[in-house]
Structures are given as structure tokens and as C-alpha cells.
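Thanks for asking me to look this one over. My notes follow as numbered points, with the cut-offs given where each term comes up.

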Amino acid sequence: MEYVSTRDKSRRVSAAAAIAAGIAPDGGLYCPVTFPKLTVDDWHAMARMDYKGRAAHILGKFLTDFSAGELADFAAKAYADEKFGCSNTAPLVELAGGKYMLELWHGPTCAFKDMALQILPHLLTASLRKINETRTACILVATSGDTGKAALDGFHDVDGTKIMVYYPENGVSPMQKLQMTTQEGANVEVVAIRGNFDDAQSAVKRIFTDSETRAALDRDGMMLSSANSINWGRLAPQIAYYVSAYCDMLCRGDIKHGDRINICVPTGNFGNILAAYIAKQMGLPIHKLICASNRNNVLTDFFRNNGLYDKNRDFYTTSSPSMDILISSNLERLLFYASGQDDSAVAALMDKLRGEGRYQVAADIFANIAADFDAGCCDDALTTETIKTLWEQERYLCDTHTAVAVRVYEDYRVRTGDTTPTMIASTASPFKFCRAVIEAIGGTLERDDVSQLDVLTRLTGLAAPAPLAALAGKAPRFGRVVDKEDILSTVSLLREL
């Protein structure tokens with residue numbers, strides 16, 4: 001399996017090289033040249049496996065320069081029962097109306113990013129060895145809340161790595177901020193940026209493409225890499241949980257082999273739903289991929305306006321901050337595949353986005369996209385209403401991001417009449433967003449955010465996840481705040497770790 005850049009497919013690299021680099025030298029994203037297909041034998045084999053086995057099996061289809069033994073070992077360590085609370089790494093909970101909640105938040109940071117970022121350190125360090133790279137990997141991460149903590153947790157004190165996370169100063173929840181700023185580890189640094197997530201993401205990409213910065217790091221025996229979903233090693237593990245959940249539905253008798261399902265995903269940077277799209281290309285029987293946005297509905301408009309992507313709009317801080325994004329990086333990979341891997345066309349669209357803040361996809365390319373996708377959006381008021389209704393009617397408690405997906409799915413079902421069983425990606429524990437959830441179900445807030453955990457437990461009878469409860473009394477280690485224009489100056493912090 002070889003990989004090429006979305007902006008220049010003339011140079012092919014191995015999976016290990018793509019993972020080690022994180023992003024292509026031209027600023028494009030690495031993509032596999034072909035999609036492996038799941039056979040009948042694959043489905044029969046995975047039916048007998050637990051999540052760890054299925055994850056290793058799917059990764060083996062893409063990471064062909066890794067041995068089956070390596071991937072099995074990495075999956076066993078990443079998805080260890082003690083990290084995820086039990087052997088059922090990603091539980092599938094059936095609700096009324098053909099809804100299946102795919103709970104992806106049972107890992108150590110209580111968000112779906114753990115599903116990829118617990119295994120990425122193993123993949124990255126092994127990739128460095130495979131390409132004979134001896135420099136220290138300096139991992140830069142832009143986060144809208146969850147990726148930062150999950151990456152810090154995965155990479156802290158990992159030999160041969162340093163990690164620096166950038167987050168928007170006022171663009172994450174108090175619990176997310178506390179998780180990041182109290183992170184332990186000698187090789188970690190956390191920096192707040194004055195601005196929003198798009199500012200943080202653009203700033204990190206600026207570091208990656210600054211030749212002087214890269215050269216200076218090289219002289220110091222360091223290289224840049226990424227743990228954002230721009231890194232293929234971060235995206236590939238996410239494919240596995242959709243395939244595994246379908247296996248669970250088969251094993252439970254909810255569906256028969258070949259029956260189609262829908263998948264609805266709360267979406268910001270487009271990586272999570274892109275993983276489902278890739279699973280479909282492998283043979284997972286998906287009818288529609290439903291892209292759910294909050295008030296920052298640039299993706300909804302893209303799908304409903306025939307491929308017009310326009311980030312020139314107001315940016316809103318919402319109750320679902322991990323989706324507060326106007327530049328959805330992984331959409332570039334979808335454009336690459338929908339265009340028949342036309343790297344020149346993708347490069348031109350990305351130049352338009354960078355220069356004008358907007359682009360229009362050609363009609364034939366958008367037709368390929370529209371065949372697979374539907375989309376909708378949900379504001380904070382409807383998010384609150386959905387949390388309340390779901391709790392009162394079904395005694396299912398969800399966070400703000402998951403509520404956006406539930407509402408968008410329910411609107412889709414009414415609009416289309418489509419009753420296909422639908423898997424909804426539940427992306428974070430409701431306890432990560434206590435204030436919004438407590439207010440939604442009629443509770444009274446207390447002064448500090450760790451205390452809110454107890455409030456939500458009293459209201460619902462549900463126990464707060466241990467990793468969040470452990471934050472009580474922890475003092476922040478990191479408090480640095482910089483302007484986005486000063487992003488290059490922060491690279492010197494890597495030398496101090």
C-alpha cells in the first residue's frame with residue numbers, strides 16, 4: 001500500500017513514511033492510492049474477534065509495512081481493558097427509532113480521540129524506526145478541545161518524542177482546558193492562542209511549511225510530525241470502529257450481512273466522518289453518511305449548496321466547541337477521491353481557499369460526493385432541547401456534540417422518510433460538558449467545573465468517569481498565551497523540553 005499527497009501524487013511513500021511526516025511537504029494530506037476491499041472471509045474472521053483484533057485486522061489492510069504481530073501488539077496495548085474500563089472498547093447502545101449510539105468515549109480522556117490517539121504513539125515510533133529516522137519527533141497539535149488532551153495523554157513521556165499542543169484561549173470548555181493544562185509529563189507543552197481553532201490550525205500548518213523553522217529543528221536533531229487527523233496514522237484507526245460496530249450488529253442479530261445502515265457523525269474537521277466514508281469504500285454497507293454541524297455550519301452549506309465552500313462568515317463559540325471550525329481540513333481528502341485523485345484540481349481548490357476563503361467544486365465532482373452524503377445543522381437551543389428530550393424519554397444522557405448528531409439525524413429522518421438503521425457517533429462523555437448538560441436537564445450549576453461532576457451524578461445517578469473526577473484539586477502547569485502571529489516563536493519551547 002502506497003501513499004500520495006492530495007496536491008501532488010507524483011511521489012509515492014510508504015505508510016511508515018506518511019505517518020512519520022504527518023503532512024506532505026507540499027502541504028497536502030497523505031492518502032492511500034487504493035482502498036482495500038473486505039471479503040467474506042474478512043467478515044467471518046472479524047465476527048470472532050474482539051475490538052482489539054478487529055482494529056489490528058483493519059489497520060493491516062492499510063499499513064502493509066507493519067507486520068500482523070506488530071499491529072496486534074499495538075492494539076492490545078492501546079485498547080487495554082484497564083484503559084477503556086472493560087473489554088467492550090466501543091459499546092453500541094440501541095435506542096428507539098432505529099438509533100444505535102456508538103459510544104467512542106470510554107478511553108482515558110473521555111472523548112473519541114482516544115480511539116486513535118492511544119495507538120498513534122505506537123504507530124509513530126515504529127514508523128520512525130522503519131524509515132531509520134533517529135531525530136526526535138516533535139509533534140505539533142492544534143485542538144478545538146478533545147484532540148489536545150488525547151494526544152498529550154498518548155504521547156506523554158514516550159521516548160523519542162516531544163509534543164506541543166495549541167488551543168484557542170476561549171474556544172474550549174473549562175473541563176477540556178483543565179485536562180490539558182494539568183497534563184503530566186516531561187516532554188509536553190501546552191500553549192493557548194488568542195483566536196479560534198482555525199487560527200490555531202492555520203498557525204500550526206505555518207510551522208510545518210516554514211523552511212527555516214524545519215531547518216533549525218533539523219540542526220538540533222528534531223523533526224516535525226502531527227497528531228491531528230491530517231496525519232494518516234491518526235485517521236486510519238478511526239475506520240476500525242465503524243467496521244467493528246457493524247460486526248456487533250451482525251453478531252447481535254440486529255441486521256443481516258449486507259444490510260445497509262446510515263452513519264451520522266457530529267463533524268468539525270471532517271476526519272471522523274471521512275473514516276466512515278473510507279469504510280464504505282472498503283465494502284461496509286452504508287446507505288448515507290449524515291454530516292452534522294453546529295451553528296458553524298460551513299459543511300452543511302457545502303453539501304446543500306452544490307459544493308460551494310465558503311469560510312467567509314461569522315464564527316460562533318457554541319456549547320459544542322470541538323465542532324467550532326470553519327476550515328475542515330479532511331474535506332481535502334474527500335475532494336481528492338471524489339475527483340478521481342485529481343491532485344491538480346485539489347491543489348487549485350486549496351489555493352482558492354487560502355487566497356479567497358472560498359471555492360466551488362466542479363459539478364461532476366460534487367455529484368460523486370452527493371451520492372454518499374447528506375447534511376444538517378443544529379444550534380445551541382436545539383442541542384439543549386435534544387439533551388433534555390433524550391434524557392426524559394429514553395434515559396440516555398449525551399453530551400452536546402452527540403446531541404447535535406441526534407437532532408440532525410432526527411431531522412433527516414423526518415425530511416427523507418428514510419428508516420434505515422442508523423449508527424450515531426457519540427463522541428464525548430456528557431461529563432466533559434457538565435455545565436451545558438446540567439442546564440439542559442434542569443439542574444443548578446455550582447461554582448467550579450469539577451464540582452459540576454457531582455451535580456450531574458446527583459441529577460442522573462450516573463457515575464462520573466474516573467479520569468475527570470481525578471482532576472479535582474489539580475493545579476494547572478501551563479498558562480502561556482500567544483498571538484497567532486507569534487506562533488513561530490513558540491517552537492523554541494521544544495528545545496527546552
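1. Helices (H or I, at least four residues) and strands (E, at least two) are DSSP runs, numbered from the N terminus. Please keep in mind that this is a predicted model, in which local features need pLDDT of at least 70 and side-chain atom pairs count only at pLDDT 80 or more, while totals for chains, interfaces and linings use all residues. Residues are numbered from 1 along each chain as its sequence is written, and side-chain values use heavy atoms, with hydrogens and water left out.

2. Let me start with proline 285, which sits in the loop between α13 and β11 (286-293). Proline 285 is buried, at a relative accessible area of 14% (buried means under 20%, exposed over 50%, partly exposed in between, with a 1.4 Å probe and protein chains only). Leaving aside residues up to four places away in sequence, proline 285 touches Tyr246, Gly258, Asp259, Arg260 and Ile261, where contact means heavy atoms within 4.5 Å. From proline 285 to alanine 21 the separation is 264 residues in sequence and 32 Å in space, C-alpha to C-alpha.

3. Next, strand β9 (residues 222-226): five of its five residues are buried, so the strand is largely enclosed by the rest of the structure. Met222, Leu224 and Ser226 point one way from β9, and Met223 and Ser225 point the other way. In a regular strand, side chains alternate between the two faces of the sheet. Strand β6 (residues 136-142) runs parallel to β9 and is joined to it by five bridges (two strands pair if DSSP finds at least two bridges between them). In this pairing, leucine 140 stands opposite serine 226 of β9.

4. A cavity here is a set of points, on a 1 Å grid over the protein atoms alone, where a 1.4 Å probe fits but cannot get out; lining residues have an atom within 4 Å of a point. Grid points are joined across faces, edges and corners, and a volume is the space filled by probe spheres set on the points. By this rule there are two cavities of 30 Å³ or more.

5. The largest cavity holds about 270 Å³. Its lining has 24 residues, with Phe112, Lys113, Gly268, Asn269 and Ser322 nearest the centre. Helices α8 (146-155), α12 (232-252) and α13 (271-282) each supply at least two lining residues.

6. The second largest cavity holds about 50 Å³. Ala142, Gln201, Val204, Lys205, Asn228 and Ile230 line this cavity, and helix α10 (residues 197-209) gives the largest share, three residues.

Methods. 1 Å grid on protein atoms, 1.4 Å probe; cavity = no way out; pocket = protein on both sides within 12 Å on 5 of 7 lines; lining within 4 Å.
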